[in-house]
Amino acid sequence: MNGPTPRLEILADRIHDNARAIVAQCSDHGIQVAAVTKVLHAHPALLRALDDTGIAMLADSRLQNLRRIAETGSSLPTLLLRAPGRHDIDATVQLADISLNSSLITMTALSEAAVRAGTRHGVIIMVDVGDLREGVWPDHLVDVVSAAATLPGIDVRGIGTNLACYGGVQPSVENMTRLVHLRNLARDATGLELGLISGGNSANLPLMMSGDMPSEINHLRVGEAIILGRNTLDRSAWPGTRQDTVEVVSEIIELERKPSIPLGRTGEDAFGQHVTFTDRGVRLRAICNLGRQDVNPSDLTPIDPGHIVLGASSDHLIVDVTDSVSPVEIGTEVRFRPTYAGLLSTATSSAVWKGAATPQAL
Ligand SMILES: *Cc1c(COP(=O)(O)O)cnc(C)c1O
């Protein structure tokens, strides 16, 4: 694909294949997949890639992205992954079929909004089994579910948890069994079916594949494993998926031979850091039109094995191209694979052009 730089190329066919592979793996374990779109800002190319993959829902943490999903048009149910703020209640009812919640105050507001809109809104009540991010503390889950069950316009669809995000706690037989036990307690107390047990995110896939996931866990919310093909516990390649699904492309705007060590007495750089330099002698250095405004340079891996990312200021990315495998000149496009954090920041930077692409030779 040719296009303006800097840009983010989305290799939609590869993401499509990743989604199919993960849906098949989950389906073998009785688990439905909500595909999480936030890291690509719910880009239409991603949404198209997720068509015909067997995913059960589209999920995102931001209403802005759910609005984009609605505009792109999809028949799949939508799931809001983050509890809405008080100004987002009506939009939540309008844009999400289900939301993850832990506060009775918020669920009461959602109930009022659903009644006003003449509709119903589903909630999955989150419980914290140890990661210390969102979720009701287990000792009062039953009370919260019981109270939510009485709210008009609200369907309590089940319970869920999130792990491996804030505290880095790994999904385990113990914490998943506890989740099932908590659902059973809440079911007995309310008589509600609470049919969905949403066990977590990409980090739950290794436990699932090991065969040790309790069979009652029937829903996962999967982003990174689909979009970047990674096991999020250690960032290794996830079986059956590919990792070359997105590329960050910049272009060379200066090419000069310069020493590797700055001349003169050094102080802080533009970001208040004291930078240390490795003396590699005189090197061919490319300045690319990408910067910290778009992405942290440590979140980029050059696709050309001869390129070394040296650093970046707001708008200038400096790459050592002395050993470049492909020829370089002013205007040459330089490509990188981003980490999850790098993808998130380029996908949400308004200065980065984004689009679907087909694979290119190096
Ligand atoms: C982002 C998010 C996910 C998806 O996480 P991945 O690691 O990308 O699979 C799942 N659940 C919640 C609540 C999230 O915020």
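Two strands are taken to pair if DSSP finds at least two bridges between them. Helices (H or I, at least four residues) and strands (E, at least two) are themselves DSSP runs, numbered from the N terminus. The structure is a predicted model, in which local features need pLDDT of at least 70 and side-chain atom pairs count only at pLDDT 80 or more, while totals for chains, interfaces and linings use all residues. Residues are numbered from 1 along each chain as its sequence is written, and side-chain values use heavy atoms, with hydrogens and water left out.

Strand β10 (residues 246-258) pairs with several other strands, among them β15 (residues 333-338), in the antiparallel sense over four bridges. Within this pairing, glutamate 251 stands opposite glutamate 333 of β15. β10 also pairs with β11 (residues 283-288), again in the antiparallel sense, over six bridges; here lysine 258 is set opposite arginine 283. A further antiparallel pairing, over four bridges, joins β10 to β1. In it, leucine 8 faces valine 248, and isoleucine 10 has valine 246 as its bridge partner.

β1 (7-10) has a parallel partner as well: β16 (residues 353-356), over four bridges. Isoleucine 10 stands opposite alanine 356 in that strand. In a regular strand the side chains alternate between the two faces of the sheet. In β1, Arg7 and Glu9 point one way, Leu8 and Ile10 point the other way, and all are buried. Buried means under 20% relative accessible area, exposed means over 50%, and partly exposed lies in between (1.4 Å probe, protein chains only).

The segment before β1 contains proline 6. This proline is joined to threonine 5 by a cis peptide bond, with omega at about -5 degrees. Two residues other than glycine have a positive phi. For histidine 41 the value is about 55 degrees, and this residue lies in the loop between β2 (32-36) and α2 (44-49). Histidine 41 counts as buried because its relative accessible area is 18%. For leucine 194, phi is near 50 degrees, and the residue sits in the loop between α7 and β8 (196-200). Leucine 194 has a relative accessible area of 1% and is therefore buried.

On the surface, Leu132, Trp137 and Tyr166 form a nonpolar patch with about 390 Å² of accessible area together. Patches are made of residues with over 30% relative accessible area and no salt bridge, where like charges are joined within 9 Å and nonpolar side chains (Val, Leu, Ile, Met, Phe, Trp, Tyr) within 5 Å. A salt bridge is a side-chain nitrogen of Lys or Arg within 4 Å of a carboxyl oxygen of Asp or Glu. Tyrosine 166 is located in the loop between β7 (154-160) and α7 (173-190), and it counts as exposed because its relative accessibility is 62%.

With a disulfide taken as a pair of cysteine sulfur atoms within 2.5 Å, the count comes to zero disulfides. Cysteine 165 is in no disulfide, and the nearest cysteine sulfur, that of cysteine 26, is 16 Å away. Cysteine 165 is partly exposed, at 43% relative accessible area, whereas cysteine 288 is buried, at 0%.

An unreviewed UniProt entry places the feature "domain: Alanine racemase N-terminal" at residues 12-227. Over residues 12-227 the chain is 42% helix and 18% strand, and the end C-alpha atoms are 9 Å apart.

Definitions and conventions. Accessible areas come from the Shrake-Rupley method with a 1.4 Å probe; for residues, only the protein chains shown count as cover. UniProt positions are given in the numbering used here, feature names are shortened, and annotations may be inferred rather than shown by experiment.
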